[in-house]
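Hi,

Here is the structure I promised to pass on to you. Have a look at it first, and then read my notes below.

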Amino acid sequence: MPLFRRKATDLLDESTKSVTPEEEPAAAPRGYTPAKGRETPKRPSIGRRPTTVVKSLSKEERRAERRRLRAESAAEFRREGGPRDRGPERLLARNVVDSRRTVGTWFFGGALIVLLGSNQAMPPEVRLGSNILWVVLAIALIIDSVLISRKIKKLVRERFPNTGQRMGSLYLYAIMRSITFRRMRAPVPRVAIGDPV
């Protein structure tokens, strides 16, 4: 005999049973929901936003607020730098560059002189001098970059022997900082020229 199956005699008894009027379910109106027997709880007011009306800012006030936020962000960037400036190795590279005079700071001024001097309207002697100046600037920049890179390599190996920083990206970071004018460097220099690093 199967476990979950009714007997044939039970089915026959149910089919012959008469339904009395008392057992018929009462017809409920459409859309009726029976009551739960208790009151719906109120939502807690703790942690909800205040119901006070926030005054909307005028156009000039919004513009002034945006200007203030932009100025704060720029000041923080000048002071702290961005994500690429994080880490003790980057700080060491910045200090190495900021503690010395670099050829890179004179590079753009020299490039402007070369640009003006190589004009076709200039005499041949001036054009020759500007070309020689360009070669001298390029060689001096290469030598200065090599010296900065060697110093950074030596100091990083001494102070951070287990560093995971790639040395090539550190050299490029320092060289790019060295060709930027000192006043325009971000983050701002923390050491003066001639200070020991």
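**What I found**

The side chain of aspartate 98 makes a polar contact with the side chain of arginine 185, at 2.8 Å. A polar contact here is a pair of N or O atoms within 3.5 Å; within protein, one must be able to donate a hydrogen and the other to accept it, and residues adjacent in sequence count only if both atoms are side-chain atoms. Aspartate 98 is found in helix α3 and is buried, with a relative accessible area of 1%. (Buried means under 20% relative accessible area, exposed over 50%, and partly exposed in between, using a 1.4 Å probe and protein chains only.)

Before you go on, keep in mind that this is a predicted model: local features need pLDDT of at least 70, side-chain atom pairs count only at pLDDT 80 or more, and totals for chains, interfaces and linings use all residues. Residues are numbered from 1 along each chain as its sequence is written, and side-chain values use heavy atoms, with hydrogens and water left out.

Now the overall picture. The protein chain has 6 helices and 0 strands; both are DSSP runs numbered from the N terminus, with helices being H or I of at least four residues and strands E of at least two. Of its 197 residues, 21% count as buried.

Aspartate 98 turns up again in the lining of the largest cavity, along with Leu91, Arg94, Asn95, Arg177, Pro187, Val188, Pro189 and Arg190. A cavity is a set of points on a 1 Å grid over the protein atoms alone where a 1.4 Å probe fits but cannot get out, and lining residues have an atom within 4 Å of a point. The lining divides into 4 nonpolar, 1 polar and 4 charged residues; Ala, Val, Leu, Ile, Met, Phe, Trp, Tyr, Cys and Pro count as nonpolar, Asp, Glu, Lys and Arg as charged, and the others, Gly among them, as polar.

Next, the rings. There are 2 aromatic pairs, meaning rings of Phe, Tyr and Trp (its six-membered ring) with centres within 6.5 Å; planes under 30 degrees apart count as stacked, over 60 as edge-to-face and the rest as tilted. Phenylalanine 107 and phenylalanine 108 have ring centres 5.8 Å apart and planes at 75°, so they are edge-to-face. Phenylalanine 107 and tryptophan 134 have centres 5.7 Å apart and planes at 40°, so that pair is tilted. Phenylalanine 107 lies in helix α4 (residues 104-117) and tryptophan 134 in helix α5 (residues 124-159), so this pair ties together parts 27 residues apart in sequence. Phenylalanine 107 is buried at 15% relative accessibility, while tryptophan 134 is partly exposed at 38%.

Last one: the side chain of glutamate 61, in helix α2 (residues 59-80), reaches the backbone nitrogen of serine 58 at 3.0 Å.

Cheers

Key
1 Å grid on protein atoms, 1.4 Å probe; cavity = no way out; pocket = protein on both sides within 12 Å on 5 of 7 lines; lining within 4 Å.
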